[in-house]
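Keep the model open as we go.

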Amino acid sequence: MCAPFKIDIHFSVAASVRPNQNSRMPILRTISAPARNIADLLFPPTCWADPHALESHAGLSEASRLAIARLAAQSYCHRCGLTTGPFAANNKSHPCARCPERLAGITRTARVGTFSDPLVTLIHRLKFARNWEIAAILAPFLHHAITTVAEESHTSIDCLIPIPLHWWRKARRGFNQAEEIAGETAKLSGWKIQRPLKRIRGTSPQARITAPTVRAENVKGAFICRSDSSLAGKHIWLIDDVTTTGATIHAAALAIRKLPRELRPASINAAVICVTDHASPPP
Ligand SMILES: [Zn+2]
């Protein structure tokens, strides 16, 4: 008689995360390595972004990976983050025609892609279905985007600053998606994470507001920045999941710019997974 198969279940979150495990089977997230191969045979892991079974254990099917690579290859303005023509080389020195429309208030923007699938599905699952493991899948793409923009401008990447949630919203959601993305990106790169920003008032979700002026008003004065020397002279990168009008990033950058001159960073930059712009498909 065969010995009964023993499933070693533990509850260490960090040790049990497997990015390719399907959220429809949350129990699989607690199964340790010896049981995983058998579990995968019984319940083949699927891609986070589409229902196809995975060819590998990377959390994304080949089709999804290629789709993100195509989005990442689009030309965009490295100042405001908006999509540009294929031969444009827009950056801090050569702003694109739409830079003045943006309220970003930052020096550079790095992005993975436009607000299009499969990035939309991944962001929604990360944010609203609490599949925070997806941050580890998005991190390599963001790491590449930040590195590309920083190298182009010959600047260092001194720290990542996740855009904070108000404590009440973080308590309700259970996590901050920007924190998760920044944390996974820092793990890949060794870049430091700093948290000098605090969100001092609750705001309506920006996704529910369409008018740019109302979005700006919604987050105006929502942040304060700790007044110490931790950012002085540094090239800092604000990290968020999605930017639409740039209002949230602008409000955060404005709080940092209010620091006394000797405490201000050398540059305030932004890195996001998605930029919503004219190249994104209509909702
Ligand atoms: Zn621009």
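Q: What should I know before starting?
A: This is a predicted model; local features need pLDDT of at least 70, side-chain atom pairs count only at pLDDT 80 or more, and totals for chains, interfaces and linings use all residues. Residues are numbered from 1 along each chain as its sequence is written.

Q: How many residues has helix H5, and what does it reach from its first C-alpha to its last?
A: Helices (H or I, at least four residues) and strands (E, at least two) are DSSP runs, numbered from the N terminus. The expected span is 1.5 Å times one less than the number of residues. H5 (residues 134-152) has 19 residues and reaches 28 Å, close to the 27 Å expected.

Q: Where does H5 bend?
A: A bend is the angle between axes fitted to the seven residues ending at a residue and the seven starting there. H5 bends by about 30° at Pro140. Just after the helix, His154 has a positive phi of about 55°.

Q: What is the order of the strands in the open sheet?
A: Strands of a sheet pair through backbone hydrogen bonds, either parallel or antiparallel. Here pairing requires at least two DSSP bridges between two strands. The four strands run S1-S6-S5-S2, with parallel pairing. S1 and S2 (159-162) stand at the edges with a single partner strand each, so one side of each lacks a neighbour in the sheet.

Q: Over how many bridges do S2 and S5 pair?
A: They pair over four bridges, in the parallel sense. Leu160 stands opposite Trp237 in S5.
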